Amino acid sequence: VDPGNFKTCEQSSFCRRSRKIQGSGSKYALIPGTLNTYADSLTADLVNKENHHQFAFKLEALVGSTFRLQIDEKQPLRPRYRVEHALKGPTQAGRIRVQRETDGEIVITSEKNKAVIHGDPFRIDFFENDVLVVSVNAKNWLYFEHLRQKAQEPTSHPAENENQQEQDAAVETPKAADTIDDPGAWEENFKSHHDSKPYGPEAVALDFSFPAAKVLFGIPEHADSFILKSTSGTDPYRLYNLDVFEYVVDSKMALYGSVPVIYGHGAQRTAGVYWQNAAETWVDIQTSETNVVSSLVNFVSGSQKTPPPAAHFMSESGIVDAFIMLGPKPMDTFKQYAALTGTHELPQLFALAYHQSRWNYNDERDVTSVSAKFDEYNIPMDTMWLDIEHTDGKRYFTWDKFKFPHPLAMIKNLTELGRHLVVIVDPHIKRDNNYFFHRDCTDRGYYVKTREGNDYEGWCWPGAASYPDFFNPVVREYYASQYALDKFQTVTADVMLWNDMNEPSVFNGPEITAPKDLIHYGNWEHRDVHNLYGHMHLMGSFAGLQQRDPNQRPFILTRAHFAGSQRYAAIWTGDNFADWSHLQHSVKMCLTEAVAGFSFCGADVGAFFGNPDTELLERWYQTGAFLPFFRAHAHIDTKRREPWLFPERTRQVIQNAVIKRYSYLPLWYTAFYELELTGEPVIRPLLAQYPLDKEAFGVDNQLLVQDRLLVRPVMQQGVSKVDVYFPAIDDKKNGDWWYDVDTYQRQERSGYVSVPVDDFKIPVWQRGGSIVPKKERQRRASTLMLHDPYTLIICLDRQGKASGSLYLDDEKSYAYRQGQRIHVNYEFAHDQLVNSFVGKPKYKTLAWIERIVIAGLEKVPSSASITVNGVSQQLEVLHHDNTVVVRKPGVKMDVDFAIKLNFA
Amino acid sequence: MRKTWVKRENIYFKPFYKQKSKMFLLLIFLVGISFIAYQAFSLNQLPGVPAPWNLQQIKRKHQQMMQSLGSKQRDVDDFDGGGADAVAPAGGETSPVAGHEDPIKIVRGTRLFDYDAYKPNFEGKFRCLDGSKEIPFDHLNDNYCDCEEDGSDEPSTNACAKGRFYCRYQKRHITGRGLDIYVASSRINDHVCDCCDGSDEWSTATKCPNDCA
């Protein structure tokens, strides 16, 4: 990447100004006597004591231990932008009670939470069960630039002069205090690009301290460690959707998505803040990273007090609209965030299987031959992907007639094998009057406009291109209608979508994206809504796929995303490079995305840029097999990379990794259903399930799949063993039992353990006390596995118990929302396995249970008996090294049963 | 005095016990003698046979084996792909009339070469084709994989990851030579026609065209 193409904080005017506040602090105060209280909220006025500008302040209590804080100008010159469509629906109001109210302090309670509002200087402390978890404006870094008129040359008209003098007299302080003299306040240049800034400075900034926390994490998307680092002396973390070519790792640079949610975690409490603002945002992080100097200072002063971690959000425009989520546990906080912005819908099963992609498969024969080769080498594969070269000169919704003369026949050949096709549709539209889409958008005025009212023209893959204004619901409706099968006649209802380059990417724009002074629907500037453009593009595509086939669940992959985009699409980490550090950051980035709502995250397996060697490719497949989105993808200039083009051993390693992924599809599918049900992330950092283990806070090369699997992929070159951290469930180093999923060898102690690995080994453990469903029969695609039987892997805990769940339905349609599903819990206790259904099992399935594997039994049972509808039957029990296998229970998935182990 | 050379007879004389070839032959002879003696002793230990072979017994034994194999074939033909029947077993299957000779049946998905391997052995069991394990004969084709190394106990189903399904149609040269065509077990009953005669879709309703020859 060329860092010169992208701004630093010093080059960004509002970031400079907002950061300067950290040195002096600001002076905001509540105006006495302006308090109004309602059943669920309170309002008051704030005043900036330096320029005496007044602001309206509102604090709402929401259901689920959440508060919403909004600050806007009381009388703005024009409305300031409020983010729409990011929340999944209107917020649900809670109830508040004013406990105490004095001029200096207001105390309100809601559920078991408390908020203390300090009037002068303005500060809000949030308590959960009387523990202070979030403190707003504790450092007095609130900074709200009210809208201004640009300074005019004094006129010679005496009447106007009198009015001006009269206004000057009304202001108690000299006018100089109200002037912002930063050179970039009213117009800004970056390289050769000019930002006219017609409305001048309008930044907002606010700090949030987390007194009960030790670490901060969140605010994807950055190629950095999971735990946020202090930004003292460096640039802040940036949230500004950009098209970054070959992004660098261990960087705070903005990447393709921006999700402004941050979490503070300590052993006792976890809290989160969602900063709802779609403008460019920088986030300063202050943590007490211990070093020699701070240790010495603490020693000399004799105190152990360290400042709590804090985050300083600085946005270029908009209002303060923050949601404070009070936890108290990590999973509670993630669920509170999911209650606001929503979750992924349950995807079709093929989306969770293996995808094969490349920029670009050359023609129809190439697609067909790649699909046939996967069959020849017995490697399962579900979806073929086509990039921009399949179109007629980058005109989306068309096909290149020479390379793909019969797309419907090609699609039929794939779907007959149970496979799918995904095609790309990007938001840039080729400016060609013979292109129907461009003609429609031009005639109807659907494009984003320049300041002068013309269609904005930028440069992207098609050459000269314009961009539809998806903020206009009419444009979204038009865009959605293009996916109808009577219009997009060359695809079927099974073909799914890939929305790329929707940051939006403009090759000749400032920072490779659109200029900030473009005008969108409602006369909003692009400056106000930039991070939301990709989200609005998704809304159009999602509506189109739903209208095309209302009964089928859509699948979209997107690059740009904002809070709430998880309701419509999966994401991937963008254009990575074939290097071990990028492989390592795949896991870190996806963990950060998962806690910010985007569980459906993956990285380009094998890397987008560069040519991986065989070892890197093997390890990348093994890592990708345990990230929720599993797709191989590569740049057009890389070598062909299908598994059979590598030595046989590499091909076998890849095949084993893919087959292992397919065997765990029932677990992934159940996890995504439970994500939609509860909001709990599918992949989790260790601290999500083990919040008390301080050592686990910073572990970001391991991940949990729900609370059942611990995955530590091998992501270093040439290693024969890896260090695995087994977390402790309390602060006395007591840990769970973990069973190796290949050998069922048990790991009983917590802490770091060195585990030997070879080429074929993926270090994965199943937690003692969990039950994991698997499908161990192989098929060429996951859609053909629908009726195959299940295996239940039971790993016992110290008490000899285990539990788990399984979800199944038709894996394709929305019928599960009308109850056509089976959601079943399994419990193993006292040498007996029983199932219990959540709701009634209304889905008719041919699937059954073919095997039950039990690890951790102390004695070997002689036999087992199964009881179904009161009738008992003997089952055979096989004993392997570390497990006991109950042979062929044969019971169907929708039948109540009990399996009892019998001991001699 | 003149010294004369005197030729001495048997200058390379060796006693018999130093001649290796003779000792070797003697050893073989002794081993042979001991073997014959052992055989004579063993024969003497055999119990007396009170009567000649009972031909009827042999025929009955063969009949039972063929009946067992035949009923297994019918199980496979009627197999619905689900294992739930094991919980609620159907009524006893109708046995063929006693004394009626069953026609020869080949287990679906096996090679003709392996015909005899898919009959119960004298213990009434099935031995995996790689010889690694013996399983009860009723576990053959019961939709559960027991021979995990080679998948040979489930030739008709996809229960074994490493199994092979040999298509019913096997192209042969007029002299009878030719390779056996098979598909991976993961292709069985997946609604995709892989054998040229569609024989891998034996329990789905998929209509497979016959593209053989």
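The area buried between chain A and chain B of this predicted model is about 2200 Å², buried area being the accessible area (1.4 Å probe) that two parts lose on being put together, summed over both. Carbon and sulfur atoms give 42% of this area. At the interface, 24 residues of chain A are in contact with 24 residues of chain B, where contact means heavy atoms within 4.5 Å. Four salt bridges are found across the interface of chain A and chain B; a salt bridge is a side-chain nitrogen of Lys or Arg within 4 Å of a carboxyl oxygen of Asp or Glu. Asp190(B) and Arg780(A) meet through their side chains in a salt bridge, with an N to O distance of 3.3 Å.

The model is predicted, and local features need pLDDT of at least 70, side-chain atom pairs count only at pLDDT 80 or more, and totals for chains, interfaces and linings use all residues. Residues are numbered from 1 along each chain as its sequence is written, chains are lettered from A and ligands numbered from 1 in the order in which they are written, and side-chain values use heavy atoms, with hydrogens and water left out.

Over all chains, the count by the same rule comes to 66 salt bridges. Lys229(A) and Asp250(A) form a salt bridge whose closest N and O atoms are 3.9 Å apart. This pair links distant parts of the chain, 21 residues apart: Lys229(A) is in the loop between strand S15 (215-218) and strand S16 (237-239) of chain A, and Asp250(A) is in the loop between S16 and strand S17 (261-265) of chain A. Helices (H or I, at least four residues) and strands (E, at least two) are DSSP runs, numbered from the N terminus.

The loop between S15 and S16 of chain A also holds Glu221(A), and the peptide bond from Pro220(A) to Glu221(A) is cis, with omega near 20 degrees. A cis peptide bond also joins Glu503(A) to Pro504(A), with omega near 0 degrees; Pro504(A) lies in the loop between strand S28 (496-499) and helix H9 (526-529) of chain A. Lys197(A), not a glycine, has a positive phi of about 45 degrees and is found in the loop between strand S13 (193-195) and strand S14 (204-209) of chain A.

Helix H8 (residues 473-481) and helix H10 (residues 533-548) of chain A pack at an angle of about 45 degrees, their axes 7 Å apart. Axes are lines fitted to C-alpha atoms, for helices over the stretch in contact, and angles run from 0 to 180 degrees between N-to-C directions. H8(A) and H10(A) are therefore oblique to each other, given that angles under 35 degrees count as roughly parallel, over 145 as roughly antiparallel, 65 to 115 as roughly perpendicular and the rest as oblique. Residues of H8(A) in this contact include Arg476(A) and Tyr479(A), and those of H10(A) include Met536(A) and Gln547(A).

Helix H11 (residues 580-595) and helix H12 (residues 614-624) of chain A pack at about 5 degrees, with axes 11 Å apart, and are therefore roughly parallel to each other.
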